[in-house]
Structure formats: structure tokens, C-alpha cells
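This report concerns a single protein model. Please consult the sequence and the coordinates shown here while reading.

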Amino acid sequence: MPAAAPVIAERRRALLALILGATLCGLYWLPLRLVAGAGVDGPWAVALFYGGAALVGLWFARDQLAVARRAPWRLLGIGASAAGSVLAVSLGVLEGAVAPVLILFYLAPLWTLLLGWALLGERPRRRTLAALVVALLGVWTLLGGAALAEDDAGRGAALGLVAGVGFALTTVQVRAARALPAAVRNLAAWALAPPLAVGLALVLGTPPPSALVPVLVALLIGALWVGLMMAALQYGMARLPLALSALVLLLELVVGVASAAWLAGEALGWRELLGGGAILLAGWLVARGR
């Protein structure tokens, strides 16, 4: 069946792209901590990473910027929610353990369905509501139940939750703006993160980096790592079925948790395994139900 060969080849490329994007997502904590150790702390690292990515995005969207006038508020909403998500997940993996932050971030598919119900009128199935209950039980287990308020690690976990909600809100808004070119939507998702990160750094009193070389390295990481990561994810998810994409993106968690255990010496306890398993089950139920 030679006619099917191009379709099979394109799907194979999309699958490889999604695997690459998920792997880079899972390892995203590593360059963040490396540049933080070199003197580019927290919000400044986010500003430089996504500043580099935004410069690349601006180049690819340079011939399509005029269409941004069609929906400026929509693009502003995409940028604000994406920036909030980026800041939350980045600060989460810098301040706390990687595994809980990434596991809680994976609740994003469930928040996406609920926000789609509230904002787009897309009513979820009963299977989805059951998955939400399973996920919330997993969250309660992962965070230690009622003991969470007494745990200093709760801040990192809370940032993971906020990041997931922000990512879900971005996804819903991107779907509503699908008439706009993909390059413009991607640029909107990156462009607000640098100024908001700088503003947060000033509010928190985080000193700016004093050496030029780490700044240039952070910009380069943003242009290459973050830019490639997001482009690969967009390419793969646009060409693969949603259920397959959701399952492949589980690789992000596997890579993130395994790399943190191996490279950062983070131990996994019964709460992480049991709670994370419940959240992954919920994500699988959502993907299967759609």
C-alpha cells in the first residue's frame, strides 16, 4: 500500500517529535538548577529561558504578526496563563522536589476538561468525572493529607498544582484561538513570561545575575532547549490522536522522576508512588475516554 507510506512516515516523525519534546520536558528541571547554581536565580532564569525562546518564536512569526490584531485580548490571555504556568512549574522544581511538582502538573488534562466544560460548554463524560475523583484522592495522598499545612514542601507542591491549572487554561484558550496561525499562538505563550518573571524577581527582591556568561548561557538554553521542546510538542500533538499523545506524554513524568532520583538523589516514598499512580491512572482514563 504505497499510498499509505507518506501517512505512516509523517506519523512516525510526529511520534519521535513528541517523544523528544516529552523527554526535554522531563529534564527541564536540570538546566534550571544548573543556571541557578551559576548565579541566575529563580525568576531571572525563567526570564532568560523564555526570552531566548521568544526571540526564536518572533523570527518564525515575523510574517504573521499583523494577524495578532484580530484577537489581541485572546493572545494576551494565552500569554498570561502560559506565563503563570511557566513561572509556577519552574519555581516549583527549583524550590522543592521534582517528582511531586511534575506529578501534580500532570493534573492539567483534568483541569483542561473542567475548564472546557465551564468556558466552552464541552460537557465531560461520567468516566472523566470518575477520573477526577481518583486524581483528587491521589493528590490528597501525595501531599500527605491533613499534614500538608505543617509541611514546608507544600509550597513546591502548590506551585505544581498552580502550574497545571495555568497550563490547562492556556490549552483551552489556544483551542478557542485555533483560527490564528500556530506561530502567533506559540509566540503569545512565550512572550509574557520574561516581563512577568522580571517583575516577580523585583517584588521578591531576587538579585539579578552579576556575570555575563551565565546570562548568555541561559539565553542560549532558552533558544535551543525550550524552543525545541515546545516546537516538538506542538508538532507531535497536532498530528497524533489525543489519546496517543496523552500516553506518550507520560514519558515526561518517567524521565523527570527517574532523572531527579538518579542525578539529584531524590528518594521516592510510598506517598509519591501511590499518589502518583492514582494521578497517572486518572490521566489514562481521561485519554481513553476521549
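The sections below treat confidence, overall architecture and selected local features.

## Basis and confidence

The model is predicted: local features require pLDDT of at least 70, side-chain atom pairs count only at pLDDT 80 or more, and totals for chains, interfaces and linings use all residues. Residues are numbered from 1 along each chain as its sequence is written, and side-chain values use heavy atoms, with hydrogens and water left out.

The predictor's confidence in each residue is given as pLDDT, from 0 to 100. Its mean for the protein is 80, and 80% of the residues reach 70 or more. Among the elements, helix α10 (residues 193–204) has the highest mean pLDDT, 94, while helix α12 (residues 242–248) has the lowest, 64. Over residues 146–150 the value stays under 50, and the model has three contacts beyond four places in sequence for this stretch; a contact means heavy atoms within 4.5 Å. Where pLDDT is low, the predicted coordinates should not be read in detail.

## Overall architecture

The secondary structure consists of 14 helices and zero strands. Helices (H or I, at least four residues) and strands (E, at least two) are DSSP runs, numbered from the N terminus.

Of the 290 residues, 47% count as buried, a class defined by under 20% relative accessible area, with exposed set at over 50% and partly exposed in between (1.4 Å probe, protein chains only). Of the contacts with a separation of 6 or more, 88% join residues 24 or more positions apart. The protein exposes about 14,500 Å², of which carbon and sulfur atoms supply 70%; accessible areas come from the Shrake-Rupley method with a 1.4 Å probe, and for residues only the protein chains shown count as cover.

L16 belongs to helix α1 (residues 5–26) and counts as exposed because its relative accessibility is 56%. Together with L15 and I19, L16 forms a nonpolar surface patch with about 240 Å² of accessible area. Patch residues have over 30% relative accessible area and no salt bridge; nonpolar side chains (Val, Leu, Ile, Met, Phe, Trp, Tyr) are joined within 5 Å, like charges within 9 Å. A salt bridge is a side-chain nitrogen of Lys or Arg within 4 Å of a carboxyl oxygen of Asp or Glu.

In helix α2 (residues 29–37), the buried residues include W29, P31, L32, V35 and A36. Just after α2, G39 takes a positive phi of about 105°.

## P195 in helix α10

P195 lies in helix α10. With a relative accessible area of 46%, P195 is partly exposed. The C-alpha atoms of P195 and P43 are separated by 9.9 Å, although the two residues are 152 apart along the chain.
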